[in-house]
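Please find below some notes for your reading of this structure.

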Amino acid sequence: MEVVILADEAAIGVLVADAVAALVRRRPAAVLGVATGSTPLPVYRELVRRARDGLAPDWSGVTFFTLDEYVGLPAGSAASYRSTIARELTDPLGIDPAQVHGPDPDPDRLPDAGERYEREIHEAGGVDLQLLGIGADGHLAFNEPGSSLVSRTRIKTLTARTRADNARFFGSADGVPRHVLTQGLGTIGEAGHLVLVAVGEGKSAAVAAAVEGPVSAGCPASVMQLHGHATVLLDPAAAAGLERVAYYREVWEGKPDWQGI
Ligand code: F6R
């Protein structure tokens with residue numbers, strides 16, 4: 001696992017946008033896994049800025065898969081992850097909604113929603129690059145502590161802590177849905193490249209457990225240690241709980257530019 005500590009979220013946004021753009025140029029039919037929440041926003045802003053400045057790759061052949069979705073929101077809710085990714089990324093990039101996939105929270109179709117989503121990802125050829133955030137409790141997508149490390153897309157129940165953390169999108173913790181559909185840890189682990197971003201002191205304990213702790217369902221993000229190409233991008237506050245900071249910095253400073261992340 002590569003750990004890269006940069007000055008701030010803007011610098012992280014530029015580096016991740018570089019990696020995404022390089023992938024799309026190399027592979028015009030790339031499959032991109034996208035996360036929601038606050039963390040990926042600097043990446044999305046940078047990609048949208050490049051598109052506005054005429055510096056974007058050609059997005060017309062790219063397929064997008066979101067990580068997760070709330071269950072129980074009214075259809076078309078602005079807080080749904082489908083609406084969020086459209087608003088923050090794919091609409092501003094001018095991407096056809098048919099290129100964007102998400103778990104289907106339709107209450108009448110829930111029992112096989114996970115299986116159907118797994119099939120969609122498989123039929124698209126699998127995810128090339130998966131963007132990820134991390135919960136303060138170590139969750140990855142919405143795989144809360146205790147999730148099986150080999151889990152597939154399914155319904156999960158959010159912890160009280162995650163509902164409190166996401167209250168800002170719903171006005172109160174009580175307004176946050178209890179249930180979600182989420183890609184499993186096994187599903188996420190099949191992506192070609194995992195790119196996890198974390199910023200701020202509130203993530204430092206979860207980051208330390210995920211990166212330097214034991215691989216354990218107690219910290220779902222620790223499953224990234226089992227992946228052959230995983231990159232963790234942090235600001236100094238999110239890196240504050242790590243023991244090997246000096247080593248991570250030395251590795252990054254000595255890395256040739258052509259290698260990217
Ligand atoms: C979002 C997701 C979650 C978030 C995590 C961090 O699609 O899967 O795992 O990445 O809850 O959220 P933020 O970025 O809002 O701190």
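1. In which loop does threonine 39 lie? Threonine 39 is found in the loop that runs between β2 (31–34) and α2 (41–52). Please keep in mind throughout that the model is predicted.

2. Is threonine 39 buried or exposed? Its relative accessible area is 14%, and because buried means under 20%, threonine 39 counts as buried. Leaving aside residues up to four places away in sequence, threonine 39 touches Val197, Ala198 and Lys203.

3. The space that the ligand takes is the largest pocket.

4. For serine 38, a polar backbone atom is 2.8 Å from an oxygen atom of the ligand. For threonine 39, the distance from a ligand oxygen atom to an N or O atom in the side chain is 2.4 Å. For lysine 203, an N or O atom in the side chain is 2.7 Å from an oxygen atom of the ligand. On its own the ligand has 410 Å² of accessible area, of which the protein covers 94%.

5. Helix α4 deserves a separate look. Within α4 (residues 113–123), the buried residues are Ala113, Gly114, Arg116, Tyr117, Glu118 and Ile121. These buried residues pack against the strands β3 (63–66), β5 (100–101), β7 (154–157) and β8 (179–182), and against helix α6 (185–189). Just after α4 comes glycine 125, with a positive phi of about 95 degrees.

Notes. Residues numbered from 1 in each chain as written. Predicted model: local features only at pLDDT ≥ 70, side-chain atom pairs only at ≥ 80, totals over all residues. Heavy atoms only, no water. Buried < 20%, exposed > 50% of the residue type's maximum accessible area, 1.4 Å probe, protein only. Helix = DSSP H or I, 4+ residues; strand = E, 2+ residues; numbered from the N terminus. Contact = heavy atoms within 4.5 Å. Polar contact = N/O pair within 3.5 Å; in protein donor to acceptor, adjacent residues only side chain to side chain. Areas by Shrake-Rupley, 256 points an atom, 1.4 Å probe, with all protein chains shown as cover. 1 Å grid on protein atoms, 1.4 Å probe; cavity = no way out; pocket = protein on both sides within 12 Å on 5 of 7 lines; lining within 4 Å. Sits in = over half its atoms within 2 Å of the grid points.
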